[in-house]
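Please keep the sequence and the model at hand while reading.

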Amino acid sequence: MGVSARTVSPRHVCATLGVCAISFAIFQISAPRSSQAALTSHEELLQTDSPVGHPGGRLVFALRSEPKTLNPVLAADTISRDVLSSMHADLIHINRVSLKTEPALAKSWKVSADGKIITIKLREGLRFSDGQPFDADDVVFSFRVYQDEKIHSPQRDLLTINGKPIAVERVDTYTVRFTLPDTYAAGERIFDSVAMLPRHKLEKSLADGTLAKQWALNAAPSDIAGLGPFRFRSYVPGQQIALERNPFYWKQDKSGVRLPYLSELDFLFVANEDAQLLRFESGDTDVLSPMSASSYAILKNSANSSPNVCLNDLGASLEFNFLDFNLNDVSSKNLPDVQRKQTWFGDVRFRKAVSSAIDRDALVRLVYGGRATPLWEHVTPADKAWINTSLPRPARSLDQARKILKDAGYSWDGDGNLKDPKGTPVSFTIAVSVSSQPRSKIATLVQQDLGDLGMNVQVVPLEFRALLDRVFNTFDYDAAVLALTSGDADPTSEMNIWLSSGATHVWHLNEASPATPWEAEIDRLMNQQMTTVAYKKRKALYDRVQEIEQQNLPFISLVSPNVLFAAKKNLGNVQPAIIEPYALAGVDQTYFYEKGANSCQ
Amino acid sequence: MRHLSLLRISVAVIASFYLVAIAAEFFAPYGFAVSDREHTNCPPTRIHVVDESGHWHLRPFVYRYVELPGELESYQEVRSQRYPLEFFIQGAKYKFANILSGRRHLFGVASPASIFIFGTDEYGRDQLSRFIYGARISLIVGTLAAAVALFIGLGVGALCGTFGGWVDVVIMRFTELFMALPWLYLLLAVRAILPLRTSASVSLLILLSVVALVGWAKPARLFRGVILSAQELDFVVAASVIGGGKWYVFRRHVLPQTGSLLLTQAALLIPQFVIAEVTLSFLGLGVGEPIPSWGSILAPLARYESLALHWWLVLPVCAVVPLFFSYHEVTSILQRDDIPPMM
Amino acid sequence: MKYVLHRIAHTVVLLLAVSIFSFLLLTLAPGKPFDEMRTNPQVSSATIAAERMRYGLDRPIVERYFYWGKGLLHGDAGFSFSYGMDVRSFIWAPTRNTLLLTITATILAWLISIPIGIWCATSNGAIDRVTGLATSLLVSLPEPFLALCLLYVALRLKYTPIGGMSSLDFDAFSIGGKVLDLMRHLFLPVLILVFAILPVLVRHIRASMLDVLRAPYIEAARLGGVRRMRVIWRLAAPAAANPIFPFVGFSIGYLLSVSLIVEVIMQWPGLGPLFLESIYSRDLFVVVDVVLLSTLFMVVGNLIADLLLYWNDPRIRLS
């Protein structure tokens, strides 16, 4: 299976060389830090096909918190990854719009017939942001770091298949061969967001074991080098991180101008969502992303007073909110109360009745002001390639719910309270994180819906860590409204959720062996799809997983919020994505119009 | 005296708040948990006296509100039919204190129209009804917690002030320790230890004790200061010198000196403790949905959304100010009771 | 001298107790650092365990306490799990910013509340009532709401910045420009803090003043024909000040706790956002360090209060 890359033709290189030389001369003046002199004549830049923009300008972006680190090897939180995504580059990139893979630092790649060997050809003549050349040695080095057991990068899990690491070897200066221990369905998708590291900067620290301490926030800009569109310039604690244009970036536009257009990218730390909105309204920041439905409503309401704002609704995200019943084995935990309630939760008819009683359309309307998508299974409509569209999407039906419960032996007393077959009133709690406004609201609405069914439900708002502790450690909860986000639109990114032994198998964590026949069946299907290469076969397997999910309702999928963002109207080439880094996905091509404002895309 | 009439008015305001809280079922037009999903975030219902055709009506009336088609949470009056405001109207059935049951509400309108004097919240619940029911919890928590905190504070302050020496030092360091600790953690820990499901009365008790527990240290330090300086006063010294017992002197001469501080603190602590409940419910220590308290009613104000889109959420604040002001007036009138007017 | 030594000894004991209790409370709170990684389906439990081990989180709490304590004696305040940095390398800037904010607010609040409080106490009627109403309103408003209201107004007026501590081009400004920029950014957060503490100060000053005005010597002075202003400022105010001095310590402590929330909303890069975030992420050493720092501020505040009392009250000075 060969993939042809959209590389620059030789003729084009010649045509653009002049431009490169000129711009290089300018960079020599503007960026004296780059000690390396002449560019090689042989530089295989990637040419984008987006509209041509203007160079210059500063884009200001607000982050919910400070990034924890500037070290891509250790970054595990969204914020750090957002910042790092504009400082580093990967070999093969998942296009944030089409969600398909596309060449990045890799010019092209070949996958062997059994899917086990991926040979990558690198772009030649590329340079890190400090001017040092990038080649196969850096790639091999990077993977050595990511797979290092002592460092234990969060990325290591993605690069380990069935417990065995991927073998990486250098073929020549610009060719690297990856040998997978097993056939792996996601194949080249694993390379996405795996930042390539500069060997010349980090080799020493890998050797002396200090790599995990490198590139903290207080690192000197000259110590950090990457292949992304921007490079680190300064950090003011508690306030901002400033990035500047990387003059050695490996993309150019249709007219041959080297990207990125922006000369500066600043991240302000604005912890409070409302404060972020206010900063955006006041014009301090240029883009607001990710944006909540309430912010969207406020901006829409004040559209007349702020005409320079462009609002965007990209539709469903990959996040799914769900009602999770505690089905963990709590026999060893001394939780008799939970154990008693599990006789209800464990009954699929009970869960079906609950699902049937919930008014998902009301959740969409009341929680998200209509800017969300109701869910009847965990795959959201955003994941077009994988959603099983043949599954039914029944509307709320209290009658249906009552009938199911009646058939299961439940009854109602004179005041309409639901009683289980033994005559015990059905009452349980729904735990929810207080820090998530929408989820608290979902929980309260679900409480009302289930109240119509005679269930006595109490919503318990908990601080986020306290909630996680209960869900993942102590199992001391009845039900919870939670959300998970697939990192990628591919079933392999969900292995931990679906495998019964998985660490994110929330309703029943880390099962020693599948607790139910259908969980065993899902295990089998998921494992099979992971080692299948053909899309059609995988899709059939994954469709079946979704079908089993809907029949057995391990958790009750509720709603997926839409991806919303706002940008100033004078920004061009904003290419927002429904997965990380959202509005920053196309920041290497974003530019400011010189005069006047353009209409929204 | 002019003061006296003001005092009467203030006391009357406070008393009426308590009365309304006690008989919330009667005064509130709707139940606190009744949620009308067709009227979420609905602005206050306008009360008219002039109809479409310009006729005046002696009895005020309202129109029914409907959501504009295609626009969420934008409402429009349906002018075709008037719904007069009715007093002592038959409404939803309620049980008062589990004995008396009734259907009468102070005021209301016939369905399908509804009257939301304070507008509705994000679940379509009548804000005014929630405010009235919320008074129960908040008044109990506010007053009792303030009383407990002041009582402990006065006791500890007296202990320090009268004994002095190492007792004073130890207790004062202890209050400093108390004020310095990260209470958020204790609250998280308390929440973790408690069962997830707590009945409303248990939650109330927890609220009360947590607020009082955290709140006593500051008053204690203040009382100590006042008691210390009171002991230096000539007549107090004189009383001890002529052989007044320690307890006697304290009771007769020192304690009255703390009166002014006690009153000021009381008028300040009650509102502070009512507001403090916002934080506690944020940590899952409140009484929990759907039972209202002023803390939970005021909580949405901390969001920009309320300010920008739902201005009527501020109305409950306007309603509590008279109460807090009355508390303040009562205490301040008691303070200046015997002071001759200043020039 | 002996007094100062005593005072220092007390402070050390206090700090020790605060640190021990903070550690204990932290172990009581549910959840551990890195728990949030559990919600990422692409991270395995082994990774989380490795991350915990890297920071010694698998060690018993007592051992961690002594590790931290030993470090502190050498000027090392531990490290942050979430930032992977030594605490001392990033704690000073937020401390400085918070102090700047709270001290400015404290001074301003006192400057405003003393005249208002005295005015209320000495002029019966309307003014007192209006102030009472205003302070009642201020105590009924949750601080975050107050902050949002001011931000909302600022957004419309477009005169003050909407948060943060400095403009993006701060480095390019001249010295005068920098000071001006800082003052413009200080304005709103200081205003909120002043509003937050004003009711407490005004009411206590007023009450204390009323107590003094009741005293026979004031009456005597007035009947004796001493001018009104002289009675108020020379005779009554110094006497009324005594019970108010403890508030100097409190106002600092109180403002520190209020500024936690205000700093987050106004994006003031102080200890507030750092503290809240470290609490939520269970970043043990950062929490304890911040608590110790604020305890220290409180102690200093109380010390100032005592010194003021000493300076103002001849009886204490003489004894």
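A:A242 stands opposite A:D266 in strand 15 of chain A; strands (E, at least two residues) and helices (H or I, at least four) are DSSP runs, numbered from the N terminus. The model is predicted, and local features need pLDDT of at least 70, side-chain atom pairs count only at pLDDT 80 or more, while totals for chains, interfaces and linings use all residues. Residues are numbered from 1 along each chain as its sequence is written, and chains are lettered from A and ligands numbered from 1 in the order in which they are written.

Strand 13 (residues 240–245) of chain A pairs with strand 15 of chain A in the antiparallel sense over five bridges; pairing requires at least two DSSP bridges between two strands. Strand 3 (residues 58–63) of chain A runs parallel to strand 15 of chain A, joined by six bridges, and A:L59 stands opposite A:L265. Of the six residues of strand 15 (264–269) of chain A, five are buried (20 or more other C-beta atoms within 10 Å of the residue's own, with C-beta atoms placed from the backbone; exposed means 12 or fewer, partly exposed in between).

**Contacts of chains C and B**

Between chains C and B, 50 residues of chain C are in contact with 49 residues of chain B, contact meaning C-beta atoms, placed from the backbone, within 7 Å. Helix 1 of chain C supplies the largest share of the chain C side, 10 residues.

Within chain B, the domain assignment, automatic or from a database, gives domain 1 (26–129) and domain 2 (130–336). Their centres, taken over C-alpha atoms, are separated by 37 Å.

How values were computed
Two residues are in contact if their C-beta atoms, placed from the backbone, lie within 7 Å.
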